[in-house]
Amino acid sequence: MRHTVKAASILSVAALALTACGGSDSGGDPTAGKDGGSDVKACLAYDVGGRGDQSFNDSAAKGLDQAKDELGVEIEEVEASQGENDAAREDRLNQLVDAGCTNIVGVGFIYAKAIGAASKANPDVSFAIVDDASADSKGPNVAQLVFAENEGSFLVGAAAAMKSKSGKVGFIGGMDVPLINKFDAGFKAGAKAVDPKIEIQTKYLAEDGSGFADPAKGKTAAEGMYDKGADVIYHAAGGSGAGVFEAAKANKKMAIGVDSDQAKTAAKNVQDVIITSMVKNVNVAVFDYVKASVDGKPLSGVQEFDLKDGGVSYTTTGGKIDDITAKLDAYKKQIIDGKITVPVK
Amino acid sequence: MKFTPRRLVLTLAAPVLAVVVAFVITSLVLVAVGDPVVQVWSTLLSEPRPRTLVNIVNSAITYYIAAVAVAIGFKMKLFNIGVDGQYRIAAFAAALVAGQAWLPGGLNIVLAMLVAMLVGGFWAGIAGWLKVTRGVSEVISTIMLNTISAGLVGWGLRTWGTRAEGSNTRNTTEIPASSQLDGFKLIADAPNRVYTLLVLAVLVGIVYWFIINRTRFGFDVRATGESETAAVASGVKVPRMVLIAMIASGAVAGLISMPAFFGADHSYGLNFQEGVGFIGIGIALLGRNHPVGIAFAALLWSWLEKASDGLQLKADVSPALVYIIQGVILLAVVIAYEVVARFERRLEQKQVTRQLDTATPEGASA
């Protein structure tokens with residue numbers, strides 16, 4: 001990962017510095033490389049759903065747990081209530097500051113304004129936000145963690161085209177925003193790379209956040225696409241994806257999951273329709289962000305996690321795409337090498 | 001009704017009973033799921049930080065207006081579930097108009113509020129008109145109008161909203177600085193301020209109280225709510241009342257987001273606070289549709305809500321606990337008022353019997 005290389009290059013210096021600090025703090029522990037992180041307290045502020053949503057938030061939680069286990073940092077986490085305003089989000093971040101957090105991550109772009117305000121009020125605390133790179137959250141002590149969803153989606157798009165027998169595939173997005181457009185664009189580019197004549201149906205579920213939490217709508221949209229001949233549908237619609245899988249099951253068609261390995265996390269009875277998932281490793285971003293602070297070099301500014309970094313990838317759980325992984329990995333290599341540039345919209 | 005010591009005790013009995021019941025049930029739930037009971041209550045009852053206190057008051061301002069909007073319908077036995085859609089579409093329309101800044105400073109604010117009331121009133125009026133002319137239940141029509149308003153606002157935001165570079169949200173044009181309200185520094189040591197439009201909430205409360213209790217119109221509203229047939233018999237034009245009450249409810253609903261809009265948000269976007277209409281229903285029930293009762297209920301509600309973060313941090317319990325407490329209080333209040341009302345009726349019956357007994361000559365029964 002780009003910044004990890006940078007971080008690694010200063011690691012030796014940081015380690016030295018930390019050894020010195022650790023020596024004075026913790027009674028002369030000479031191997032302070034790990035223990036030096038003990039003054040870091042990493043905290044997550046989730047959106048509604050929080051830990052246990054089997055998707056986006058859970059992935060962030062995984063990164064936090066990893067930081068606790070491997071870096072020995074203290075952790076804390078707070079979840080949002082339904083129907084909040086920015087003041088409530090900002091207050092949550094401030095409560096985390098009061099609780100002694102040194103590194104605070106807002107999980108989801110809805111935290112953008114709150115992170116912006118809280119980071120200005122607490123210049124000594126490091127903040128991070130997932131999925132936002134706007135001026136709202138920008139600041140010298142803010143890391144904006146974003147992903148190359150288009151690159152991961154390219155690979156599952158290629159997989160969809162290879163697996164499709166009808167030459168028709170579909171994309172269902174939760175909401176028509178640039179974030180989801182990236183999934184859409186990557187998927188289309190990947191499918192077209194395999195089969196230039198492929199027919200791609202596209203549907204966005206809602207104009208607001210409800211599109212990510214409406215399985216019934218997801219199901220209706222997917223059924224419409226399957227009826228029109230599509231046999232593989234990729235969704236980037238959060239909780240609405242459950243409906244897409246149900247429709248796939250009922251129509252004996254295929255579906256592609258998103259964010260986490262949904263062939264493992266989706267409802268048991270629909271897992272077998274999920275041929276692959278475009279995994280967005282929020283955990284990698286959260287862990288790297290915390291690790292950088294432990295290493296004494298806190299991140300700030302836009303940090304993109306891409307295919308090369310392992311920030312995005314595809315899964316093979318269930319063995320449905322084992323026959324084409326060689327071809328997919330060839331595409332992956334081309335993207336990493338810069339031979340293929342995946343569009344973002 | 002006459003004001004006697006007994007009446008006072010009975011009035012206070014219901015809320016006190018409700019709080020005690022809620023306390024006991026919540027504690028039982030905590031014990032059942034193995035959460036630290038003492039820790040939860042001590043966290044809940046500890047004094048919030050000044051910043052949080054300001055947020056509690058600010059939320060309560062928003063909820064208060066929402067609850068009054070719902071209460072206007074309740075007074076007429078109208079169940080306006082559509083407050084949620086009414087305030088959303090009204091807030092969006094007001095944000096669009098205010099963002100244009102056709103008028104300077106304060107006038108812009110007044111214009112935006114008028115637009116919000118008009119749009120909110122119109123949106124609720126559709127449901128009222130359907131009920132009056134076609135007999136469509138306002139519950140059904142307002143639920144549908146909620147969905148339609150969400151769609152319309154989404155479409156409007158896409159058409160007229162703008163998106164900043166790198167952002168995923170879309171917002172309407174921000175209102176000029178001259179129309180932004182700084183707020184009151186009511187609480188010392190707090191870095192944030194109480195919404196200036198606290199004034200609006202107080203005004204809404206006073207006007208509501210005055211109209212319901214001191215005007216012919218208010219009397220008709222209450223009469224229709226108590227007994228429609230009796231109201232018709234005494235010459236009240238019920239359909240007209242239904243339509244007016246619905247429009248009034250919607251107009252007040254239109255004001256719900258104004259304090260936050262001028263005090264904090266300054267534009268309409270995806271970060272808009274949703275679901276306030278439904279919270280208003282709970283608070284109106286809790287406050288017994290009374291302007292003062294609603295104020296206390298709104299404060300209680302937002303205080304519980306803001307305790308959620310602290311509970312997660314200090315007591316390590318799920319945020320769902322706050323929903324449980326809110327639900328239990330609501331249920332307890334409804335039950336407690338019924339219990340007290342029955343008890344009161346029985347007391348009155350006994351009193352009447354006693355008076356009748358003493359009025360009867362001794363020898364008559366012998």
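In this predicted model, 33 residues of chain B are in contact with 34 residues of chain A, contact here being C-beta atoms, placed from the backbone, within 7 Å of each other. On the chain B side, helix H3 (50-75), helix H6 (138-160), helix H11 (258-265) and helix H13 (291-315) each put in at least two residues; helices are DSSP runs of H or I with at least four residues, strands are runs of E with at least two, and both are numbered from the N terminus. Sorted by class, the side of chain B that touches chain A comes to twelve nonpolar, 15 polar and six charged residues. The nonpolar class holds Ala, Val, Leu, Ile, Met, Phe, Trp, Tyr, Cys and Pro, the charged class holds Asp, Glu, Lys and Arg, and the others, Gly among them, are polar.

Local features were taken at pLDDT of at least 70 and side-chain atom pairs at pLDDT 80 or more, while totals for chains, interfaces and linings use all residues. Residues are numbered from 1 along each chain as its sequence is written, with chains lettered from A and ligands numbered from 1 in the order in which they are written.

Chain B itself has 15 helices and two strands, and its C-alpha trace spans about 95 × 55 × 35 Å along the principal axes. Taking the contacts in chain B between residues at least 6 apart in sequence, 76% join residues at least 24 apart.

Helix H13 of chain B also packs within its own chain. The axes of helix H2 (residues 37-45) of chain B and H13(B) come within 9 Å and cross at roughly 140°; axes are lines fitted to C-alpha atoms, for helices over the stretch in contact, and angles run from 0 to 180 degrees between N-to-C directions. H2(B) and H13(B) are therefore oblique to each other, given that under 35 degrees is roughly parallel, over 145 roughly antiparallel, 65 to 115 roughly perpendicular and the rest oblique. From H2(B), the contact involves B:Gln39, B:Val40, B:Thr43 and B:Leu44, and from H13(B) B:Ala307, B:Gly310, B:Leu311, B:Lys314 and B:Ala315. That makes five nonpolar, three polar and one charged residues.

Over in chain A, six strands line up as an open sheet in the order S2-S1-S3-S4-S5-S11, with parallel pairing (strands pair if DSSP finds at least two bridges between them). Strand S2 (74-78) and strand S11 (301-305) of chain A sit at the edges with a single partner strand each, so one side of each has no neighbour in the sheet. Strands S3 (residues 103-106) and S4 (residues 126-130) of chain A are joined by four bridges, and A:Gly106 stands opposite A:Ile129 in S4(A).

Another open sheet of six strands in chain A runs S7-S6-S8-S9-S10-S12, and its pairing is mixed. Its edge strands are S7 (199-206) and S12 of chain A. Strand S10 (residues 274-280) of chain A has seven of its seven residues buried, so it is largely enclosed by the rest of the structure. A:Val279 of S10(A) faces A:Asp259 and has A:Ser313 as its bridge partner in S12(A).

Conventions
A residue is buried if 20 or more other C-beta atoms lie within 10 Å of its own, exposed if 12 or fewer, and partly exposed in between; C-beta atoms are placed from the backbone. Two residues are in contact if their C-beta atoms, placed from the backbone, lie within 7 Å.
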